[in-house]
Amino acid sequence: MSTRPLSMIDPSAFAHPLDQQASAALAKVPLLPDLLTQASRLRAERTFRALMMYNGIRLGPRQLPSLWRMVNDVAERFGMSLPSSYVTGDRGANAFAFGLHDHSIALTADLVDLMSDRELEAIIAHELAHILCQHMLYRQVGLALTDGASDWVGGLLKLSPAMLRASIAVAFFSWSRAAEYSADRAALFVLDDAEALASCFSRLAGVPRRFASEFDPRQFAKQVEEYKQEETVWSRVVTWDLGLLRTHPEPTRRAAAVLEWADSDDFRRIRNGDFPVRAPDRASHIEIPGMRNCPLCKNLVGDDPTCSVCGLDQDPQRQSTCHACGYLVSEDWTYCTTCGHTLAARS
């Protein structure tokens, strides 16, 4: 593994092509910019925090410290702020990230009991990757679609024509499944063990703990290819909609995808430190279509001439690039705010 820290990586390095395609398609859906703008104003994370504080267990250095350290360690590796983390008594093996501004992750007790420590580390990395990739905005719209939320987003959806609601729903679920592949790739960087990651998916598929030592994740992943060979035109017709409204791909598909990518030249190149770097604090800010973000720190700047967070002049004519780290700087800066390099005096 490269000595170049993973905390520098930009999510575009591991974004799955299907995620990129689905995001582009989702952004073209009518009304979606309005939905995202309304979603950004919600305080749903306050409600979520209240529910977790009353009904879940908040992790900390003195509360389930082993799990808390896992979350802390993964967040440090990604160069992210530590999210609030919880264990819940909800039934089933599940984990999810939440929040547009105040990020949280939750693990169900059933999931914690089902997974090994290595597998839990991979799942935590997967959820933090959703935050890093800024998937939370689209996920908020997804909550309105799947849970019948009574907020502004849900209200806009209810007032929209049925065909438009259907198109948004199909586009969202397609994106959601694709986004899982990107988060799986990020988890692979943290775990650095494709077979251990594939075993996470096998447990979700139902591998019995009693015979777990006899389980082969690569044989599990081969089931996808075997089915493709057995497919007929008729089987494709009768099964095409089985996953249409699923938020996650089937476990076998995820296992096959992560094992294939682990053997790719792209993964080896990125693993060796050849990857694009992200702007500081990228994971702490949100991006909304139609609203201007600072190109350096991604803070929402609107019409402000200077970013209130990093101080970058928003006029492209007054920006240049630091030769030491490649980040943007203002022409009148003496030092690069990212790496501290002394900048050449402006002529």
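1. Axes here are lines fitted to C-alpha atoms, for helices over the stretch in contact, and angles run from 0 to 180 degrees between N-to-C directions. Helices (H or I, at least four residues) and strands (E, at least two) are DSSP runs, numbered from the N terminus. The model is predicted: local features need pLDDT of at least 70 and side-chain atom pairs count only at pLDDT 80 or more, while totals for chains, interfaces and linings use all residues. Residues are numbered from 1 along each chain as its sequence is written, and side-chain values use heavy atoms, with hydrogens and water left out.

2. Helix H10 (residues 194-205) packs with helix H13 (residues 251-262) at an angle of about 175°, their axes 8 Å apart. H10 is therefore roughly antiparallel to H13 (the term covers angles over 145 degrees). On the H10 side, the contact (heavy atoms within 4.5 Å) involves Ala194, Glu195, Leu197, Ala198, Phe201, Leu204 and Ala205. H13 supplies Pro251, Arg254, Ala255, Val258, Leu259 and Ala262. By class, the residues of this contact are 11 nonpolar, no polar and 2 charged (Ala, Val, Leu, Ile, Met, Phe, Trp, Tyr, Cys and Pro count as nonpolar, Asp, Glu, Lys and Arg as charged, the others, Gly among them, as polar).

3. An open sheet of 4 strands has the order S1-S2-S4-S3, with mixed pairing (two strands pair if DSSP finds at least two bridges between them). S1 (56-58) and S3 (95-98) are the edge strands, each with a single partner strand, so one side of each has no neighbour in the sheet. The twist from one strand to the next averages 25°.

4. S1 and S2 (residues 84-88) run antiparallel and are joined by 3 bridges; glycine 56 stands opposite threonine 88 in S2. S3 and S4 also run antiparallel, with 4 bridges, and phenylalanine 96 has alanine 106 of S4 as its bridge partner. A hairpin is formed by S3 and S4, with 5 residues between them; in the turn, glycine 99 has a positive phi of about 110°.

5. Helix H6 (residues 117-132) lies across S3 and S4 (104-108), at about 150° to S4.

6. The largest nonpolar core has 57 residues, and Phe78, Leu128 and Leu197 have the most contacts inside it. Such a core is a set of buried Ala, Val, Leu, Ile, Met, Phe, Trp, Tyr and Cys residues joined through side-chain atoms within 4.5 Å, buried being under 20% relative accessible area with a 1.4 Å probe, protein chains only. H6 gives the most to this core, 9 residues.

Note on methods: Angles under 35 degrees count as roughly parallel, over 145 as roughly antiparallel, 65 to 115 as roughly perpendicular and the rest as oblique. Buried means under 20% relative accessible area, exposed over 50%, partly exposed in between (1.4 Å probe, protein chains only).
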